[in-house]
Amino acid sequence: MPKKPEDLRSARWFAPDDLRSMGHRSRVMQIGMDGQDWTGKPVIAIINTWSDLSPCHHHLRDRAEFVKKGVWQAGGTPVEMPVHSFAEQLLKPTSMLYRNMGAIEVEETLRSFPVDGAVLMGGCDKSTPALVMGAVSMGLPFIFLPAGAMLRGNYAGEKLGSGTDVWKYWDERRAGNITKDQWEGVQGGIARSYGTCMTMGTASTMMSIVDAWGLTLPGASTIPAPDSAHKRMSTACGRRIVDMVWEDLTPDRIMTPASTRNAVTVAMATGCSTNAIIHLIAMARRADVPLTLDDLDAIGRTTPVIANIRPSGKDYLMEDFFYAGGLNALMKELGDKLDLSAMTVNGRTLGENIADAVNYNDDVIRPLSNPVYHEGSLAVLRGNLAPDGAVMKPAAMDPKFQVHSGPAIVADSYAQLKEIINDEDHPMTPDSVLVLRNAGPQGGPGMPEWGMIPMPKALLKKGHRDMVRLSDARMSGTSYGACVLHVAPEAFIGGPLALIRTGDVIEIDVPNRRLSVRLTEAELETRRAAWVPPPPRYERGWGWMFSRHIEQADKGCDFDFLRTEFGAPVPEPEI
Ligand code: FES
Ligand code: MG
């Protein structure tokens, strides 16, 4: 049912002829509004994650002006509302510690102010799930406006990819193969414009996922941040959200089981970041769509990686993906692997949106008949070491480690790990399995991106560039290597990872999705009885609250009390 002006949520604040509403009207007059602004016009919140310390979002203050233009054009009233600013590189100990805080802030900002719909501006890693999780829980119509990727990196004529090439050149620097000057050249050339990392890391993955879910204007996720098309897309978001309010196109009509499967399928086909698994589960749970690690693994097994973009692909970056036709062209290649009847924010189906998409470069966007990798990018492993699952990225590892066993070298902390990896004479072999524990949601704290453990010097100097690494941490979406991550339950709360010792044999079997330690159940039980829990990480503040309520990786690391089914729905505020 289309909305009438008197049905607008904001009208509850502004329309009544009473004392309180007079107060609301007088206070928006204070900022220069008048009856033209508040009578019968949807109020659109532009939720902005801009800040000076959020380099990936540095253009969003400017883009908010384009969104406002679109809102005015369509007969709405825009209001810009800043929320927590995410910055993957600068926010410590890890931005994951603050994803749920951002989600809470978005949900409560939308709930407590007189707004009818929202444009969510973000893109740097955790900002996308945070914005979507909060807005879905509130339930107002919204459009996600992706920040877009930065330009390709460049140093000395070489193309550089965010993250991916930092790790690569760091290994070369530690192996003594490049100079300090060359290293500094890479530093200056790897982030040449505003916008998110331009590999298919977590940011690009998450923006692609919400695009495929139907939450952005079609194909918006692939537009490079500095392209003028990004400004026009911002204006179009402003125009469209006003109509979405009148149409009452709420997120529950878009985030269905079918569109969720589309989002997962596209994630796999892009060679997505391992972080996507956690955020997909968390967002789906907020939308009340059941989604488990096993669902993700099942879709992954039947969806090849067709985006030839680093780190899973070889040569290309997000800018190349845009020129090749972007996400719409990729989705067209996926054909009947997607449910084309799924509704999207522009009021049309996914099928209608991609009907005319063209693939301009079939080396960047591969046809299903010539994939980059024959299966989806992620695999879920289980076994006595990870009863609730662990995640890895077979597309980005040396294939010889897919079936592997080797002795563990265990580090209880990142400091201990550093000593091991910096020890040139450490007696490890290429078969050793390097283990980092107490780096999960509680132990990290906040599950930092320590899971792409740097290659140890002892192996680097012998020419090795990959080995099996195992942790309850996450890794950056731009990382690569034989890294098994997200082991659940985590060591810090007594998961089996807490019980292993240096020398125990770890077995990994990717084709059969197994991860185990060669120990009897009786031995594990004896060690479990002797295990002493470590002292809490925080005794006050946000960290204290975080550790009381954070759920494990296989549940999406949401807070228990933010689950959709937790308690009765939150009522609209009294006015
Ligand atoms: Fe912002 Fe990578 S640091 S997207
Ligand atoms: Mg990242």
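I begin with strand E3 (residues 117-122), which pairs with E4 in the parallel sense over five bridges. Two strands count as paired if DSSP finds at least two bridges between them. Helices (H or I, at least four residues) and strands (E, at least two) are DSSP runs, numbered from the N terminus. Within this pair, Leu120 is placed opposite Phe144 of E4.

Before continuing, the conventions. Residues are numbered from 1 along each chain as its sequence is written, while chains are lettered from A and ligands numbered from 1 in the order in which they are written. This is a predicted model, in which local features need pLDDT of at least 70 and side-chain atom pairs count only at pLDDT 80 or more, whereas totals for chains, interfaces and linings use all residues.

Both strands belong to an open sheet of four, ordered E2-E1-E3-E4, with parallel pairing. Strand E2 (77-82) and strand E4 (142-146) are at the edges with a single partner strand each, so one side of each has no neighbour in the sheet. On average, neighbouring strands here are turned by 20 degrees against each other, direction ignored. Axes are lines fitted to C-alpha atoms, for helices over the stretch in contact, and angles run from 0 to 180 degrees between N-to-C directions.

What lies across this sheet? Helix H6 lies across strand E1 (43-48), E3 and E4, and runs at about 165 degrees to E3. Contact between two residues requires their C-beta atoms, placed from the backbone, to lie within 7 Å.

H6 (residues 127-138) also packs with helix H12 (residues 275-286), at an angle of about 10 degrees and with the axes 9 Å apart. H6 is therefore roughly parallel to H12; the classes are under 35 degrees for roughly parallel, over 145 for roughly antiparallel, 65 to 115 for roughly perpendicular, and oblique for the rest. On the H6 side the contact involves Pro129, Val132, Met133, Val136 and Ser137, which meet His279, Ala282, Met283 and Arg286 in H12. Six of these residues are nonpolar, two polar and one charged. Here Ala, Val, Leu, Ile, Met, Phe, Trp, Tyr, Cys and Pro count as nonpolar, Asp, Glu, Lys and Arg as charged, and the others, Gly among them, as polar.

Met255 is in the loop between helix H10 (228-247) and helix H11 (257-269). Is Met255 buried or exposed? Met255 counts as buried because it has 25 C-beta neighbours inside 10 Å; the cut-offs are 20 or more other C-beta atoms within 10 Å for buried, 12 or fewer for exposed, and partly exposed in between, with C-beta atoms placed from the backbone.

I turn now to strand E13 (residues 505-509). Its covered face holds Ile506 and Ile508, and its uncovered face Val505, Glu507 and Asp509. Strand E9 (residues 403-411) pairs with E13 in the antiparallel sense over five bridges, and Val403 has Asp509 as its bridge partner. Strand E14 (residues 514-517) is joined to E13 by four bridges, again antiparallel, with Ile506 bridged to Val517. Four residues separate the strands of this hairpin, in which Arg513 takes a positive phi near 60 degrees.

Finally, the overall picture: the protein has 20 helices and 14 strands, and 56% of its 575 residues count as buried.
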